[in-house]
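This report describes selected features of one protein structure. Please consult the sequence and the model shown below while reading.

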Amino acid sequence: MRTRFSLSIAFYLCLTVPTQAQTVADSTSVATSTSTTPEDAPAKPWQLTGFVDVYYAYDFNKPENHLRPGFLYNHNRHNEFNVNLALLRVNYAQDKVRGNLGLMAGTYAQYNLAAEQELLRHVYEANVGVQLLPKVWLDAGIFPSHIGAESAISRDNLTLTRSLSAENTPYYEAGAKLTFEVSEKWTLTGLVLNGWQNIREADGNQNKALGTQITFKPSSQVVLNSSTFFGNEKPDNAKQRRYFHNFYASVSPTEKWSLIAAFDYGLEEKAGDEDGYNRWWNPTLAVKYQVLPQLGIAARSEYYHDKHGVIIGTETANGFQTAGYSLNLDFAPTSQVLWRVEARLLDSKDNIFTKESGNPTDKNTALTTSLSFAF
């Protein structure tokens, strides 16, 4: 059901709260102002940032209900102008306390948080943290996910649309996490979570999930990340434990080149008395070249293998075994505005897509364009 949300308060805040123009910060960090202040002036504890992503997508299979394949949660409305994500964030950081609150609307919130209570569908993040030791933080609340290299904020990613991996692993999570900043190069995090992308616990499930994250930054050009998840996503009387690992490497060898290579591997116990595990896995490779300060091109290649439908069910003989290819063009007339165009092809082993005529097909092709603004 389409949710309702008014952005009038957000726009009122934008007009009444003095801020400096800035790029939306990375989802794992506290935003900082781009304005300069004297060295002896106290840092401002409060920061306000915002982001709006307006898009138009054309799916050549022409779905009658305007909804693109169900495993896509971003830019997923066909042949209509819409808002993927409108986000307003307030960040606080002072002494040994930090907190973040982000409210959102758009088709991303509508479809990606469809299982949550209606008011919670508009919460991008809501968390508070306290510094227990000089390098140890305890945070609790709703967070962006610790899994994967891609963000819900499209301008933070190399490509406009999200990879199959990003669309089918958690974008958000609820729980508590302990972060140990070992050094400038190493960061270790342990998490206790409600589950695999859920705020509200499912009926009949009294379990909590566990997660870990290890981030290694050997230099300013390289980030290596390992994230895990362990939990049960079924009712207690039908436990199927899930084990998942995501690894990615983000490399920027020069100012013009950026590359992200990722690999996911997951196991889930088979149902009932059947022994063994169902497995899914997928590699992803994305590369971007900044031709000019305002102009960039990017490409992505990916493959998703989920034969038993653990994450993406198809009810076909071979399940979800799909390759994807994307080509992007970016143009940034200013530092706050980004126009992106992407062509994407999904090629599956089975006929899991539907043509306009109603006939099944193994391919899905789409063109998507987006105009985004950040402050």
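Which residues form one aromatic cluster? The members are Phe71, Tyr304, Phe320 and Phe353. The model is a predicted one, and the features that follow are computed from it.

## Aromatic pairs

The count of aromatic pairs comes to 16. In one of them, the ring centres of tryptophan 196 and phenylalanine 229 lie 5.1 Å apart with the planes at 80 degrees, so this pair is edge-to-face; an angle over 60 degrees is what places a pair in that class. The two residues come from distant parts of the chain, 33 residues apart: tryptophan 196 belongs to the loop between strand 7 (186-193) and strand 8 (209-219), and phenylalanine 229 to strand 9 (residues 222-232). Both tryptophan 196 and phenylalanine 229 are buried.

Another pair is made by tryptophan 257 and tyrosine 289, whose ring centres are 4.7 Å apart and whose planes meet at 45 degrees, so the pair is tilted. Here too distant parts of the chain are linked, with tryptophan 257 in strand 11 (residues 257-269) and tyrosine 289 in strand 12 (residues 277-292), 32 residues apart. Tryptophan 257 has a relative accessibility of 40% and therefore counts as partly exposed. Tyrosine 289, at 25%, likewise counts as partly exposed.

## The second largest pocket

The second largest pocket has a volume of about 580 Å³. Its lining consists of 27 residues, and those nearest the centre are Ala115, Trp196, Gln197, Asn198 and Glu233.

## Strands 13, 14 and 15

Strand 14 (residues 320-331) pairs with strand 13 (residues 295-306) in the antiparallel sense, over 12 bridges. Within this pairing, alanine 298 has asparagine 328 of strand 14 as its bridge partner. Strand 14 also runs antiparallel to strand 15 (residues 337-348), to which it is joined by 10 bridges. Aspartate 330 stands opposite arginine 340 in strand 15, and a hairpin of 5 residues connects strand 14 to strand 15.

Is serine 326 buried or exposed? Serine 326, located in strand 14, has a relative accessible area of 5% and is therefore buried, the limit for that class being under 20%. Leaving aside residues up to four places away in sequence, serine 326 touches Ala298, Ala299, Arg300, Glu342, Ala343 and Arg344.

## Positive phi values and an exposed leucine

Histidine 66 is not a glycine, yet its phi is positive, near 65 degrees. This histidine 66 lies in the loop between strand 1 (46-59) and strand 2 (81-94), and its relative accessible area of 27% makes it partly exposed. Aspartate 95 also has a positive phi, of about 55 degrees, although it is not a glycine. Aspartate 95 is placed in the loop between strand 2 and strand 3 (97-105) and, at 70% relative accessibility, counts as exposed.

Leucine 133 is part of strand 4 (residues 123-133). With a relative accessible area of 51%, leucine 133 is exposed, because that class begins over 50%. The C-alpha atom of leucine 133 is separated by 9.1 Å from that of lysine 96, and the two residues are 37 residues apart along the chain.

Definitions and conventions
Residues numbered from 1 in each chain as written. Predicted model: local features only at pLDDT ≥ 70, side-chain atom pairs only at ≥ 80, totals over all residues. Heavy atoms only, no water. 1 Å grid on protein atoms, 1.4 Å probe; cavity = no way out; pocket = protein on both sides within 12 Å on 5 of 7 lines; lining within 4 Å. Points joined across faces, edges and corners; volume = space filled by probe spheres on them. Pairing = 2+ DSSP bridges. Helix = DSSP H or I, 4+ residues; strand = E, 2+ residues; numbered from the N terminus. Buried < 20%, exposed > 50% of the residue type's maximum accessible area, 1.4 Å probe, protein only. Contact = heavy atoms within 4.5 Å. Phe/Tyr/Trp six-rings, centres within 6.5 Å; stacked < 30°, edge-to-face > 60°.
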